[in-house]
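Hello,

I am passing on a structure that you have not worked with before. Please open it alongside this note, and then read on for what turned up.

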Amino acid sequence: MVEIAEDRRTWLLSGPTSSYAVHLTEGDELLHMHWGPRIALADAEALAALPAPGGSSFESPLDGHEEYPVEGGPRFVRPALSVRTDERRGAEWRFEAYETEGDELRLRFGDSGLAVTLHYRMRDDVVERWVTLANDGPALELLRADSATWTLPERDGWRLSQLHGRWAAESRLVRSDLTYGEKIIGSRRGHTGHQHLPWVALDSEATEESGEVYGCALGWSGSWRISVAQLSDARVQITGGAGYDDSGLLRLGPGESFTTPVFAGLWSDGGFGGASRAWHAYQRAYVIPDADQDRPVLFNSWEATTFDISEEQQGALARRAAAMGVELFVVDDGWFGARTGDRAGLGDWTPNPDRFPAGLKPLAEYVHALGMQFGIWVEPEMVNPDSELYRAHPDWVQFQPGRTRTEFRNQLVLNLAREDVQQYLWEQLDGLLSSAPIDYVKWDFNRCFTDAGWPGEAYPQRLWVDHVRALYHLLDRLRAAHPKVAFESCSGGGGRIDLGIMARTDQVWTSDNTDPLDRLAIQHGFSQIHPARVMAAWVTDSPNTQLNGRVSTLRLRFVSAMAGVLGVGGDLAEWSEQDLAEARDWVSLYKEIRPVVQRGDLYRLRPPTGGLSAVQYVHGDEAVVLAWLQAQHYGEPVAPLRLRGLDPAATYECRETGEVHRGAVLLHHGLRTGLRGDLDATVIRLRRI
């Protein structure tokens with residue numbers, strides 16, 4: 001809901017529990033008024049009537065108060081907008097107009113032919129902000145165009161939460177006191193990156209289930225930057241957007257425009273857990289395609305076969321997967337071109353004639369006859385130098401002339417900003433999806449930008465932004481042409497996870513690390529912002545030869561993976577009949593609890609810091625608890641769990657023990673009987689009666 005004051009200079013957006021207000025001064029300065037608990041329009045007007053902040057010759061009256069600081073004038077904070085022309089640098093904007101359309105507010109400013117429109121939209125309690133820049137004057141360069149600057153209220157002290165990591169150790173949560181100065185996270189790698197997820201949260205005294213939490217999440221799948229600054233007067237501002245530095249995003253000629261990605265913000269007074277549940281509900285309602293449809297249990301052939309695949313061998317794996325209850329069979333790398341290893345074939349998206357003489361259609365139809373969907377792996381943005389594509393078009397890759405090129409994983413990055421590359425990929429992928437009954441595409445991205453050059457292009461720097469815009473356009477076009485095909489975002493594990501890619505894919509590959517214990521911490525961090533509905537998790541072989549050699553039970557591996565979208569990635573040809581039978585039971589159980597896990601509200605009962613950890617999902621009249629006992633010392637008993645999110649006046653039956661509980665359930669007997677020692681796990685189901 002958008003409300004407008006009588007003077008047409010104060011605007012208030014409100015959701016179920018929170019509000020956001022801005023005010024335009026007589027001097028055309030847009031100031032931040034309020035972000036927090038829901039207030040009335042009269043309250044926002046009263047805030048706007050307070051005396052304007054003061055300043056001195058050394059301090060700006062705008063810093064820490066301005067809604068969207070631009071470069072130029074009496075400002076010293078990090079600018080959200082930096083513009084350069086042949087004559088000058090910076091902006092001196094003036095307010096021109098406002099308009100509302102549905103639940104969206106637009107505030108338009110102008111500066112010498114450049115129109116700057118600030119967009120606001122409140123979806124439930126999430127504020128979406130973005131900016132449109134339209135040039136009607138001479139050519140100019142956007143050095144920096146952030147999506148938003150968020151201003152936090154004054155507090156005695158702030159604590160910063162962020163998700164950091166690396167390959168195979170993504171999304172690990174860390175919290176630290178915020179100190180004076182700037183804390184910057186981001187990626188200069190051309191994709192979201194394994195090192196940070198584009199999300200931050202700030203609190204002053206929150207716990208898991210109580211206290212105020214402010215969070216911000218950026219929807220951009222390329223290089224990005226978020227700056228959290230505690231200013232000299234202790235005020236805090238968060239600024240973020242596309243691009244890592246200020247060396248230039250785009251050049252806008254007359255008549256050209258640029259729309260920034262969405263930078264979403266959320267206030268919650270329900271602690272970290274309440275904030276997470278609000279983020280999850282927002283993504284299921286407004287971001288994730290077809291979020292009301294549960295994702296199927298899949299089998300992926302990569303760890304079973306790597307590059308050594310054949311149609312007959314894949315068919316044999318498919319039979320075992322179908323007997324286990326798998327619903328989606330995925331052929332991973334190695335089905336196309338001369339792809340017998342990672343040195344050749346990437347970019348040639350036609351089935352290998354020796355391995356699939358009649359293409360993918362016979363295998364896909366066989367998989368369908370077994371009662372499963374059929375999926376494939378692709379990596380469209382990359383190319384091997386040893387490929388038909390590269391031999392025909394060596395100029396289609398990113399490269400710097402006269403410099404040694406980098407070949408991570410024996411591959412180069414295609415310059416997707418080129419229209420001819422975009423058209424080639426559209427023709428290849430559209431033809432592939434039309435050639436066989438394909439239901440699912442695992443879209444990978446296995447190396448970062450390094451030699452990001454574009455010889456012959458007047459403004460080569462634009463490839464950093466235009467690569468991502470072209471990726472989005474290609475995915476949107478493929479989804480429109482093939483609406484029944486689901487897509488998964490993968491980037492060597494969790495290297496491309498953000499709200500932008502999630503708006504175009506059905507799930508994401510969380511990490512290449514499938515060790516069940518390591519995944520508990522990864523999944524704990526992931527859940528701070530993203531829901532289980534998109535979090536792909538696999539059961540693989542033990543010992544874990546891909547990473548750490550750890551031995552774990554099938555039970556632990558399944559219960560760990562059941563916390564998200566369940567998949568199986570082990571070599572089923574080597575599994576015993578006993579293992580296959582046990583796996584079939586776990587898959588069957590997962591299908592029973594899947595609606596609760598994928599669509600329910602998440603409660604993190606105990607973090608994975610050692611000992612007992614557990615999560616709970618609540619959906620309608622049902623609740624599911626997944627618990628893992630990582631270690632037990634000195635014969636100490638398993639501590640009981642107090643469940644959350646249940647109706648305190650209702651009665652619930654524990655399906656595992658037959659016990660009947662009322663109100664806030666304290667699970668003890670079910671845990672003791674379900675957990676039988678170190679490195680063990682259990683599933684507990686409750687239903688309202």
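How many disulfides does a search of the whole structure find? The search finds zero, where a disulfide is a pair of cysteine sulfur atoms within 2.5 Å. Two cysteines are worth a look anyway. Cys-216 is buried at 0% relative accessibility, and Cys-654 is buried as well, with a relative accessible area of 0%. Buried here means under 20% relative accessible area, exposed means over 50%, and partly exposed is in between (1.4 Å probe, protein chains only).

Before going further, a word on how to read the model. It is a predicted model, in which local features need pLDDT of at least 70 and side-chain atom pairs count only at pLDDT 80 or more, while totals for chains, interfaces and linings use all residues. Residues are numbered from 1 along each chain as its sequence is written, and side-chain values use heavy atoms, with hydrogens and water left out.

**The barrel**

Eight strands close into a barrel, in the order β22-β23-β24-β27-β28-β29-β30-β31, and their pairing is parallel. From one strand to the next, the twist averages 30°. Helices (H or I, at least four residues) and strands (E, at least two) are DSSP runs, numbered from the N terminus. Two strands count as paired if DSSP finds at least two bridges between them.

Helix α8 (residues 463-481) lies across β27 and β28 (486-489), at about 170° to β27. Contact means heavy atoms within 4.5 Å. Axes are lines fitted to C-alpha atoms, for helices over the stretch in contact, and angles run from 0 to 180 degrees between N-to-C directions.

Val-331 is in strand β23 and is buried, at 0% relative accessibility. Leaving aside neighbours within four places in sequence, Val-331 touches Ser-301, Ile-309, Gln-314, Leu-363, Phe-374, Gly-375, Ile-376 and Trp-377. Val-331 and Thr-305 are 26 residues apart along the chain, and their C-alpha atoms are separated by 9.7 Å.

Gln-507 is in strand β29 (residues 507-509) and is buried too, with a relative accessible area of 1%. The Gln-507 side chain makes a polar contact of 2.6 Å with the side chain of Glu-488. A polar contact is a pair of N or O atoms within 3.5 Å; within protein, one must be able to donate a hydrogen and the other to accept it, and residues adjacent in sequence count only if both atoms are side-chain atoms. Beyond four places in sequence, the contacts of Gln-507 include Arg-295, Tyr-440, Phe-487 and Val-534.

In helix α5 (residues 361-369), Leu-363, Ala-364 and Val-367 are buried. Seen down the axis of α5, these buried residues fall within an arc of 100°, so they line one face of the helix; the arc is that of the directions from the helix axis to the C-beta atoms. The buried residues of α5 pack against α4 (311-324), β23 (328-331) and β24. Just after α5, Gly-371 takes a positive phi of about 90°.

Helix α10 (residues 516-526) has nine of its 11 residues buried, so it is largely enclosed by the rest of the structure. Among the buried residues are Pro-516, Arg-519, His-524 and Phe-526. At the start of α10, a side-chain oxygen of Asp-515 comes within 3.1 Å of the backbone nitrogen of Leu-517.

**Antiparallel strands**

Strands β3 (residues 18-24) and β4 pair in the antiparallel sense over seven bridges, with Ser-18 opposite Pro-37 in β4. Their hairpin has five residues between the strands, and there Asp-28 takes a positive phi near 65°. Six of the eight residues of β4 (residues 30-37) are buried, so this strand is largely enclosed by the rest of the structure.

Finally, an open sheet of six strands has the order β32-β33-β34-β39-β36-β37, with antiparallel pairing. Each of β32 (601-606) and β37 (660-662) stands at an edge with a single partner strand, so one side of each is left without a neighbour in the sheet. The twist averages 25° from one strand to the next. Inside this sheet, eight bridges join β33 (residues 612-619) to β34 (residues 622-629), and Val-618 has Ala-623 as its bridge partner in β34.

Enjoy exploring!
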